[in-house]
Amino acid sequence: QRVAIARALSQDPRVMLADEPVASLDPPTAHAVMHELTRLNAERGLTVLVNLHLMDLARDYTTRMIGLRSGEVVYDGPAASASDADFEQIYGRRIQPQDRLGAS
């Protein structure tokens, strides 16, 4: 994942699309990748659009969250304010342990 991010940055983009940038990563590495994307946003002014399915990462590392269910927007607001009920509406089911990466 880090190599893919570095490759994308070599093109000096204004916007980065990161589709599941932490897929299949262990928790420490997932946090490191998300921290790096946050740093790039802050230091370079790079807009980073991230597709995540892990609710704790969405809350901890993003400022705005747009939740989609069946092609419809069901949540659009501050990520830190998203409740478990909001995530349940997005997922269409009760929150499961696998919906969280783990402690930050």
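1. Let's start in a loop: Ser24 is found between S1 and H2. Helices here are DSSP runs of H or I with at least four residues and strands are E runs of at least two, numbered from the N terminus. Ser24 has a phi near 65 degrees, a positive value in a residue other than glycine. Because its relative accessible area is 82%, Ser24 is exposed (over 50% is exposed, under 20% is buried, and partly exposed is in between, with a 1.4 Å probe and protein chains only).

2. A quick word on the source: this is a predicted model, where local features need pLDDT of at least 70, side-chain atom pairs count only at pLDDT 80 or more, and totals for chains, interfaces and linings use all residues. Residues are numbered from 1 along each chain as its sequence is written, and side-chain values use heavy atoms, with hydrogens and water left out.

3. Glu20 lies in the loop between S1 and H2. Its phi is positive, about 50 degrees, although Glu20 is not a glycine. Glu20 counts as buried because its relative accessible area is 18%.

4. Now look inside. The largest nonpolar core has 25 residues, and Ile5, Val22, Leu37, Leu57, Met65 and Phe87 have the most contacts inside it. (Such a core is a set of buried Ala, Val, Leu, Ile, Met, Phe, Trp, Tyr and Cys residues joined through side-chain atoms within 4.5 Å.) Helix H1 (2-9), S1, helix H2 (27-44), helix H3 (55-61) and helix H4 (84-91) each give two or more residues to this core. H2 supplies the largest share, five residues.

5. Beyond residues up to four places away in sequence, Phe87 touches Met55, Ala58, Arg59, Met65, Ala82 and Ile95 (contact means heavy atoms within 4.5 Å). Phe87 is buried, at 4% relative accessibility.

6. How many aromatic pairs are there by the rule used here? The count comes to one: Phe87 and Tyr91, a tilted pair at 6.3 Å centre to centre with 35 degrees between the planes. The rule pairs rings of Phe, Tyr and Trp (its six-membered ring) if their centres lie within 6.5 Å; planes under 30 degrees apart are stacked, over 60 edge-to-face, and the rest tilted. Because Phe87 and Tyr91 are four residues apart in helix H4, about one helical turn separates them. Tyr91 is buried, at 19% relative accessibility.

7. On to charges: the count comes to six salt bridges, each a side-chain nitrogen of Lys or Arg within 4 Å of a carboxyl oxygen of Asp or Glu. In one of them, Arg39 pairs with Glu36, their closest N and O atoms being 2.4 Å apart. These two are three residues apart in helix H2, so about one helical turn lies between them. Glu36, Arg39 and Glu43 are linked in a network of salt bridges.

8. Arg100 and Asp84 also meet in a salt bridge (3.0 Å, N to O). Arg100 is in the segment after H4 and Asp84 in helix H4, so this pair ties together parts 16 residues apart in sequence. Another bridge joins Arg93 and Asp99, with closest N and O atoms 2.8 Å apart. Are these two partners buried or partly exposed? Arg93 is partly exposed, at 34% relative accessible area, while Asp99 is buried, at 4%.
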